[in-house]
Every structure is written in structure tokens, then in C-alpha cells.
Amino acid sequence: MKLRVLLVVLFLLTPLSPSISATPPKAGATCSKAGITKIYDGKKFTCIKSGKKLTWNKGIQIKSASTNKNSNSNGPSPTPSPLVGVQTQNSIEVRKLSIRYHRPSSDYTNWNIWIWRNSDDNSKDSLISSSGVNFEGVDSFGAFVSLTVTGMRNFKDIGFSLRLGDSIIRDIDKDRFITTFDSRGFAEIWLIQGDENVYTSRPDTSSKPLPTPSATSTPSPTSAPTPTPTPAGVIAALESFKTFPSTNTEPQKLNFHFGPNADKDFSELIKELSTGTMKLFADHYPDNRPLPVFFGDLSDLDWVIAEWAKYGYTEQYQIDDARKRSPGLVVNYWGSPQGHPTLIWTSNQLKDMPRLTKMNLISHHIVHAIQHRSARGKYEFLGCWGAEGGAELYGALVNVRIADFDYMEYRKQKISDANRNMGANLSSFTINDWLGVIRPIEQAPCLDTSKTANLHYSVGMFLMERLVGEFGHQKVMNWWGGIRDTLDWKIAFQRAFSTDVDSWYKNSAIPYLMQVFKE
Ligand SMILES: [Zn+2]
């Protein structure tokens, strides 16, 4: 039953509108932010990074569609009824708005309104505030703001989207519109987190559950000046993680060891990202001894081994293993109670690596150190998707918070990685097919990676995204910490999330994956 409800929610959510700015996009012309899209002349353009420049791609043709921007999705219609396509008084030059916004958890920090004078011709839309309109205060319903909009004579109505800071995170992945005003040009609207309706009178919020993380897909035919949509599951994961660290615990100290031939830029990136990662996990790394971090070029291998020795890391089999694994990546966590994230690469490998990959490579390995510490040296018992998917997901979440990291772009790569590794298009997979994908990536410790086809890095990341989005970051940390008490991660999972993992796959995680792979 629960499954059916969830599927209904997932599939009824409608699409969203990409953004536009004042000038029409042209292939190759510069744009402001990777990932934003813009509809122009029947084509959808996406801002992409090519080298160091941001440019519009050549655009893809979109299907023609109705010009009615305000057509509602056919989702369940709660009371009171939302505004729909009522004719506005175009002659009124000045509009006065009262906007009320309810979030069940009362976390209004940084939420603001991206709002514009809306026209049928999207290229004529005009922003009301280039930085977004902030709320004035919070009352018993939620956050509120009143504003006066001038210069409305030549516009149809007012478009808006609730967003977090100046990020791409939106409350609803859909542009909404204020279309009905009284004879004085006044409109009061009431909004609820995760509910796309624009209410004209105070809706009942007493029994509103938190919205189920879900994702939307197909681009809609209309456009407006809003940030690129972010699936609700991503928003939920980012938002939960954003509330950490929750204490003033001093972050774990790091000791950096960079080899004589270590790439300088990459060394700097390691310092920045690993320090930032440790800060965000200050609550979850119970150790006061500095964590040693090593990085070098392959020609620094002897130097690294000599540095290891200073930490008492002299076991011959470990040294032999490091030598055997080169040329290539050497990553190491054993050897000291703290664990040693050690990366060794050739300069060539680094040179060819996309920046997104570089960034996640670093944070990924610091997250492993955190897992290792949380699980008291047993992080591999989290299983393939728990350990690797966890490092992938948290590496990305950390980078979104501390650096300019395009998580949506990274997810796209993961989706295509998964399809390629599976040798199939996962968007057509059934629940049983998905169980067949997940079983091999459950093994703990994660040793036989010939069976996983690397899907623990991609599918594993989305499983983790769902976990954090659904249960919150703290419970996921409880799960990792639970490996201290049992090496059976499924038992630790049941203890942390109060559900057995198989029910979770069927009722929550797989429906989520099915949606992700349709994005
Ligand atoms: Zn890893």
C-alpha cells in the first residue's frame, strides 16, 4: 500500500521550468552558471562548462505545447482550492503582495523568493529583485513578507519560486504564478513546503506531513528566470546535512604530507576540501589525534613509505601492497588507529581528470576516514554500497557546501556510469530487476568487486541519497556507528532506521531509483 502511494506521488509531480535571463541564448555564447537551462525559440539550451568557460550548448528541440503557464498538474486537489488561470487586471500598474510560507520544521533560514514580472513572451520577463526577496518575519503560520510591485502594466501576472539562498535548491521544482488580484491590485497567497498549490486563504497545516522526497523530470514548455530545478530527494538530503555540525565540537586536526613531486594545485585542493570535510563531520569523528593525509606522485612512493614509518606504519605486507597497486591509485586506511587516507597518482592521471572527479576523489577519501573512525576500523563492513556509495554521496554533499560543486552534473555522470556499467538502460528496470542490481553490491566487507560492476559507486550513491533524504543525516551516522556493535550492517541498519533493509528497498529505495533513472 505504501508503495502505491509513493509511486502516485512520484509520477504525478509535474515538470518544471528552466530558467531564462534577459538575452536569448546562442550556442557558444557565454552563460552565468553551469547547469542552468533556458528555453528559446522552441529549443532548450543548457549552460555547460567547456574548459574554463561557461557557454550555452547548441540546444535541443522541445515539443510544442500549450501556452498556458498556469495549467495545474492533475495531482490531488486539496482544499482550499488553488488559483488557476483567472484573468488579471492588466491595467493595474502597481500590485501589492502578501506571501506566506509554511515549513513544518520551521527552518526558514536562507529561504527567499525568486520573483518576476511575468509575460507570455519569456524573454520579456523582468526580475523584481536580482537577489531574491527575503521574508520579513515568522508568525504562527510561517514566514511572511509584503511587497509592492510596480511597473506591471505590460505584464501578464507574477511568477515566483521559493529557493534556498542563491542556490539551485527550490521548494518545488516548478515555477508558480500569482494570477488573481482584487480590484486594488492586491493578492495574498499561502504556500506550504512541498505543496505546489498557491492557496488564496490560510490552508490547514496541522496535519501536513513532511513531503516525501521525490524527483521530477520532463522539462515543461514554459520558462521563467529561475534557477535550475533540483529533485526533491536531493533537496531533502542537502537540507538535512545542512543542519550539521550541530555542536561546537572542535574539528578533527589533519596532518598533511605532500611528496616532493606532488601536484601543487591538487595539494591545495586536498587541504581545502579535507579541512572543510572534517569541519562538517566534527560531530561524528570521535578522535583527538590528528589524521595524517598523504599525497604524492608515483615517483614519491618511497618518500610516502618513509613518512608512513614515522606513524609506526611499517608492516611489510602493507608496503608490498602499496607497491603492487602502483602504478595507479594507492589509497590506504590501515596502519594507524586514525587511518591514513593516502592518495598517489601520476601527474598525467590528474591532468586528465575532470574537476568534479578530482573534488569528489578527495572528499570521498576523507569521508572513508570518517567512516573508518565511526565504525571503529570496520568501515568495510558497511558493505559495498554503504561504504562506497556513502563516500560518494557525502563527498558530494560536502563539496556542495564548501566549494563550487555542481552536484546535479555529478549525478548525471553517475546515471550514465550506472547504465554503462550495467550494460542496460536502468530506466526500464522493474522492482525485481533492481533487486538484482542491489544484491551484489550488498557484500560486506566489499572485497569481490568483480561482481559489483562498480555499481556500488553510482547506484550506491543514490541509495545513500535516499537514506539521508528520508531519514536524515544523524540516523545515517547512527548506522555507521552501529557497526561498532555488530558487524552485520543489516542489523545495524534495522537499529538505526527502524525498518529492515529489504522492506526499505521495496517500499522506498527502489521506487526512488526508478524515478532517478527517469530524470
Ligand atoms: Zn572509496
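Three strands, in the order β15-β16-β17, make up an open sheet with parallel pairing. Here two strands count as paired if DSSP finds at least two bridges between them, and strands (E, at least two residues) and helices (H or I, at least four) are DSSP runs numbered from the N terminus. β15 and β17 are at the edges with a single partner strand each, so one side of each has no neighbour in the sheet. Neighbouring strands are turned by 10 degrees against each other on average, direction ignored.

This is a predicted model: local features need pLDDT of at least 70, side-chain atom pairs count only at pLDDT 80 or more, and totals for chains, interfaces and linings use all residues. Residues are numbered from 1 along each chain as its sequence is written.

| β15 | 254-258 |
| β17 | 342-345 |

Lying across β15 and β16 is helix α3 (residues 264-280), at about 165 degrees to β15. Axes are lines fitted to C-alpha atoms, for helices over the stretch in contact, with angles from 0 to 180 degrees between N-to-C directions. Contact means C-beta atoms, placed from the backbone, within 7 Å.

Now for a pair of helices. The axes of α10 (residues 431-438) and α14 (residues 501-516) come within 10 Å and cross at roughly 90 degrees. Ile431, Trp434, Leu435 and Ile438 of α10 meet Tyr505, Lys506, Ile510 and Leu513 of α14.

Notes. Contact = placed C-beta atoms within 7 Å.
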